[in-house]
Amino acid sequence: MDRYARWNALLELLTESGRVSVEDAAQRLNVSQATIRRDFDQLGQQQMITRTRGGAVANGVSYDLPLRYKTAKHSAEKQRIGAAAAALVEPGMVVGLNGGTTTTEVARALAVRPDLNSSADGAQLTIVTNALNIANELLVRSRMKVVVAGGVVRPQSFELVGPLGGALLREVTLDVALLGVNAIDATLGAAAHHEGEAAMNALMVARARRVVIIADSSKLGGHAFARICPIDRVETLVTDSGATPEAIAPFRAVGVRVVTA
């Protein structure tokens, strides 16, 4: 396991438990305690964790881990969700995409669809996004038209937030918004941890004819700080096969189409 993989694993451990000792981390990752101490020291210097005697505790930032430090947790599910969400897109559409690990998989699935990239007359698809990494994914792997909303970059998610991006989003119309979220509840709606991201996502919702929420089963029924939209704006929820019937039922009861991948 290389250094970055260890850091990912350590941050996930801290996210789950809030505190972990050097001894426990070394045992779980099958490395030496000296290696874990160095990792903790380096993560502490980056203000990702708080170093303690004999271990470390999660900082507030660990509640919303930077995208570059997130592991491939639920990666297989996210790839299936990405493919299922991409299947809802048709040639010629204008599609809104926000940032996140799951929507990155949507972008990758869109980028390799021949029917969206085969026209010699111009772009088959227009993507409007506020995420720099997603714009990059599509620019280097496809011939789609990519429109990037402006704003201030959040290092945690590579998303652009703020009024500069809002000015652009208010001038476009989206056929569909494919939005990753931190939580979705059949009563409270879709939500994000960060209010700036939620505001940008809400603008995409306002400009979209259809709204598709993309969330693995761990996010169903969850709560997050800032609401993106009420549940009645959500047409479709794309989730993974790990979602139980009990978790899905409340969404279907309020008229949301649920696609499991």
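Predicted model: local features only at pLDDT ≥ 70, side-chain atom pairs only at ≥ 80, totals over all residues.
Residues are numbered from 1 along each chain as its sequence is written, and side-chain values use heavy atoms, with hydrogens and water left out.

Staying with β4, which covers residues 94-97, we find that 3 bridges join this strand in the parallel sense to β9, residues 174-180, where pairing requires that DSSP find at least two bridges between two strands. Strand β4 also pairs with β5, residues 126-129, again parallel, over 4 bridges, and there the bridge partner of Val95 is Ile127.

Now to the helices. Helix α1, residues 3-17, packs against helix α3, residues 33-45, at about 75 degrees with the axes 11 Å apart; the axes are lines fitted to C-alpha atoms over the stretch in contact, and angles run from 0 to 180 degrees between N-to-C directions. That makes the two helices roughly perpendicular, a label that applies from 65 to 115 degrees. Taking contact as heavy atoms within 4.5 Å, the α1 side includes Trp7 and Leu10, and the α3 side includes Ile36 and Phe40.

Let me turn to the salt bridges, of which the structure holds 9, each defined as a side-chain nitrogen of Lys or Arg within 4 Å of a carboxyl oxygen of Asp or Glu. In one of them Glu137 pairs with Arg108, the closest N and O atoms being 2.9 Å apart, and this pair links helix α6 to helix α5 across 29 residues. Glu137 is buried at 14% relative accessibility, whereas Arg108, at 30%, is partly exposed; buried means under 20% relative accessible area, exposed over 50%, and partly exposed in between, with a 1.4 Å probe and protein chains only.

Another salt bridge joins Arg113 and Asp115 at 2.6 Å, N to O, with Arg113 buried at 17% and Asp115 partly exposed at 34%.

Finally, Arg210 and Glu235 form a salt bridge at 3.0 Å between the closest N and O atoms. Arg210 lies in strand β12 and Glu235 in the loop between β13 and β14, so the pair ties together parts that are 25 residues apart in sequence.

How values were computed
Parallel < 35°, antiparallel > 145°, perpendicular 65-115°, else oblique.
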